[in-house]
Amino acid sequence: MAVSEGPLKGVKVLDLSRILAGPTCTQLLGDLGANVIKIENPATKGDDTRQWGPPYVADADGNPSDLSAYFMSANRNKKSVAIDIATAEGQAEIKRLASYADILIENFKPGGLAKYGLDYKALSKDLPGLVYCSISGYGQTGPNSSKPGYDLMAQGYGGIMSLTGDPEGAPMKVGVGIADVMCGMYATVGILAALRHRDLTGEGQQIDLALVDAQIAWLINEGVNYLTSGDVPQRRGNGHPNIVPYDVYETSDGHVILAVGNDSQFRRFCDFVERPELADDARFATNPSRLENRDALNAILRPAVRSLDTETVISELENRKVPVGPVQTMDQVFDTEQVAARQMQIAMQADPAEVKLIGNPLNFSRTPVTYRAAPPVFGADTQDVLNAENPFKD
């Protein structure tokens, strides 16, 4: 029988991060059962993303609350505590909270917390078991370490924008803050590894994670394509650098995605579009040859697919076991039976109203994720936490 506490029940996280990379990490830790206290700056009325709207959740009078959709996307399962770390009182309170914590995560500029005595070097003297994760734009070292880092800048500096967009158009960012999100994922992995080491040895450590480093790490095949060949990759729109046909194709009433990953799938696809001879054509018979003759093949395939409607293409290719899929809008995504079956849309009761959120994709057979607390309004838990003998007590 599954238990409800989550695999990280009992783990205590002090979250000094804001915007997206750090909050993505701490929300994930919270979903897994960790007790997360989020520190927010009274001078700015909390996390920057509270102001990144609309849309906002409305209060009882119909006025916007400070729960923007952006903020809610990365801040459930946390307590919000308002502390000004620029004051001596605030610094003392952070040190007290850190003394109870297993993990501290922050995303200040390198050196930014040293003036408050809240950097890793200062805290680790009294808290040698603390796992301290520092996220910054370019990391704690290197010639760019003092520069600020935002998702768009990381996507530009790290190369992903040079690969994204129409071949004839401008460099294009990914539609969401994927550099931040992936940095948060790397932070989660690093923290859990450091926590494992701490549990075995009693020794904490600092994790130095750069937004740009994380973005470069997920260049994956295109990055290694360049390192292997020396050829600078070019934008291909929705096309794949190593597989053809693997792209978005126009139909008579929309678009479909084709992902023909091997030669047998290509043969079945050619039968479907009534061009079986293409599978035996030396220019297209193998993936390397199709890659070399990408433009010639697409000149044949695109008109063939364009003559058919989306439903026919998807149903017929699915019957032939050829990978195919739709290009869905948000309303279509969240209206699917698949989303409902996988519980990828959830509802939580927040102050001041019920909110809809995206579910956690992890499914455990014994220790499922839990949704214990909706994203909090600014400072909602300040007095409860600061007045508690054990601030991390559930």
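**View 1. The second largest pocket of the predicted model and the residues around its centre**. The second largest pocket is lined by 19 residues, and those lying nearest its centre are Ile160, Leu163, Thr164, Gly237 and Gly239. Two or more lining residues of the second largest pocket come from each of α6 (160-163) and α9 (220-229), with α9 supplying the largest share, 3 residues. The space in this second largest pocket amounts to about 510 Å³, and its lining divides by class into 8 nonpolar, 8 polar and 3 charged residues.

View 2. The elements giving two or more residues to the lining of the largest pocket are α1 (21-31), α2 (69-72), α7 (178-201), α14 (330-333) and β13 (354-358), among which α1 gives the most, with 4 residues. The lining of the largest pocket comprises 21 nonpolar, 6 polar and 3 charged residues.

**View 3. Surroundings of Ser145**. Ser145 is placed in the loop between β7 (131-136) and α5 (151-157), and it counts as buried because its relative accessibility is 16%, under the 20% cut-off. The side chain of Ser145 reaches the backbone oxygen of Gly142 at 3.2 Å, while beyond four places in sequence Ser145 touches Pro110, Tyr138, Gly139 and Gln140.

**View 4. Ile39 in strand β2**. Ile39, within strand β2 (residues 35-40), is buried, with a relative accessible area of 9%. Apart from neighbours within four places in sequence, Ile39 is in contact with Leu14, Asp15, Leu16, Val81, Ile83, Ile94 and Leu97.

Key. Residues numbered from 1 in each chain as written. Predicted model: local features only at pLDDT ≥ 70, side-chain atom pairs only at ≥ 80, totals over all residues. Heavy atoms only, no water. Buried < 20%, exposed > 50% of the residue type's maximum accessible area, 1.4 Å probe, protein only. Polar contact = N/O pair within 3.5 Å; in protein donor to acceptor, adjacent residues only side chain to side chain. Contact = heavy atoms within 4.5 Å. Nonpolar A, V, L, I, M, F, W, Y, C, P; charged D, E, K, R; others polar. 1 Å grid on protein atoms, 1.4 Å probe; cavity = no way out; pocket = protein on both sides within 12 Å on 5 of 7 lines; lining within 4 Å. Points joined across faces, edges and corners; volume = space filled by probe spheres on them.
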